[in-house]
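Here are my notes on this one, as promised. Have the model open while you read, and go through the points in order.

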Amino acid sequence: MRKVTRFFWFCSGAHIETLKKYPIEHNKYVGIGATIFFTALFASLSGGYAMYFVFSGNPIAPVFAILFGLIWGLAIFNMDRYIVSSINKQGSTNQQILQATPRILLAIMIGMVISRPLELKIFDKEIRNKLKDAYLKGQNRKIDTLQKTYGQKYAMELAKNNDLKKEKDSLERDINRSRVQLNQEVFGDKTNQTSGITGYGTYAKQKESILLEKQNRLKTVTDDLNRMEQYLGQRKDYEGLNSTRLFTNFQLDSLANVAGFADRNWALGQLSFRQDGTKDLDTYLAQSFIGYLFILFECLPVFVKLMTPKGPYDVALAQMTEANIHFAERDKDREITVTDNVYDHQVDTDIQKKKKIISAQSDYDFERHSYE
């Protein structure tokens, strides 16, 4: 139990040797330290989950996720620990709030960052459905674009193909009518188009000749139509129309499985809107409350430090800080004094050295002058 307590004290950023002297403050800093620790734990899980989707499909994705999760969690832990430990309880309430405002803003940003990946996991099923709808709509738009481009690019060929189809249909109908009239002419059926004379006479031969002309024309039109359809089919293959199909359910599931962080984040943002573009208030509130919960959880250590009254540990820490500042100032004076004395001694030494050199040079010059 003592080890756990000391660990949470360490997490709170407290000076442990000073805190041990004041038992009344122990539980407060255990609570602050536990909040910081679990915030870092959530941040680690959140960062690891986000990195897992960044490297989704890679065999070593779990390794990257674990490594980044640990690094991200330690970074958030260090930042939270600094934010809480740096709040000074010696000033007035307004001064403390002003001092804590940048730290609260930073805590809000951290809460937003660590909450997003966890929201992705919480709404995983809804995100997958939204992604599958988006992929299906995107494939529909792609097919529509290809068909529109194909229609514009080969407008003349398509128009000629339609004309050939219409002519073929018309010839087939005419041929069927001509065959009926030829049979009526041969068997002597009297109509507006037949003579009523039985046998294979002049009128029958004329009708047979017309029928053959139409059949020959039909063969020509059919051959032209087949060639045109073959050409247009090749163009469809070239333009990608024949190879582009709507995704199956299996393909949609596969695409949703390998979707990256950006796609999933986009889908999460779209959950707040219905198909007609109106806002889905229930989903929006659910997402918002989850984000607010993590933001509050991240800001909680700062709020606790602000709300708690100044205790004996804060007073002792402030006095220790003043003592350390005084010692640092006196230490500076000591270093200045030592530096001055050492400098003066160096100056005196240099002076004596210069005097000896000058005296020796003078004696040498004097002796040499005497010999001359």
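**Notes on the fold**

1. Reading along the sequence, you get α-α-α-α-α-α-α-α-α-α-α-α. The chain holds 12 helices and 0 strands, where helices (H or I, at least four residues) and strands (E, at least two) are DSSP runs numbered from the N terminus.

2. Before going further: this is a predicted model, with local features needing pLDDT of at least 70 and side-chain atom pairs counting only at pLDDT 80 or more, while totals for chains, interfaces and linings use all residues. Residues are numbered from 1 along each chain as its sequence is written, and side-chain values use heavy atoms, with hydrogens and water left out.

3. Of the 372 residues, 30% count as buried, meaning under 20% relative accessible area with a 1.4 Å probe, protein chains only. Of the contacts with a separation of 6 or more, 72% are between residues 24 or more positions apart; contact means heavy atoms within 4.5 Å.

4. Now look at helix α1 (residues 2-12) against helix α3 (residues 26-54): they pack at about 70 degrees, with axes 7 Å apart. Axes are lines fitted to C-alpha atoms, for helices over the stretch in contact, and angles run from 0 to 180 degrees between N-to-C directions. That makes α1 roughly perpendicular to α3, a label for angles of 65 to 115 degrees. The α1 side of the contact includes F7, F8 and W9, and the α3 side includes Y29, I32 and F37. By class, the contact has 10 nonpolar, 4 polar and no charged residues. Ala, Val, Leu, Ile, Met, Phe, Trp, Tyr, Cys and Pro count as nonpolar, Asp, Glu, Lys and Arg as charged, and the others, Gly among them, as polar.

5. Helix α6 (residues 124-153) and helix α10 (residues 261-270) pack at about 100 degrees, with axes 9 Å apart. These two are therefore roughly perpendicular as well. Their contact divides into 7 nonpolar, 1 polar and 5 charged residues.

6. Is E119 buried or exposed? E119, in helix α5 (residues 93-122), is buried, with a relative accessible area of 4%. Leaving out residues up to four places away in sequence, E119 touches L268, Q287, I290 and G291.

Notes
Angles under 35 degrees count as roughly parallel, over 145 as roughly antiparallel, 65 to 115 as roughly perpendicular and the rest as oblique. Buried means under 20% relative accessible area, exposed over 50%, partly exposed in between (1.4 Å probe, protein chains only).
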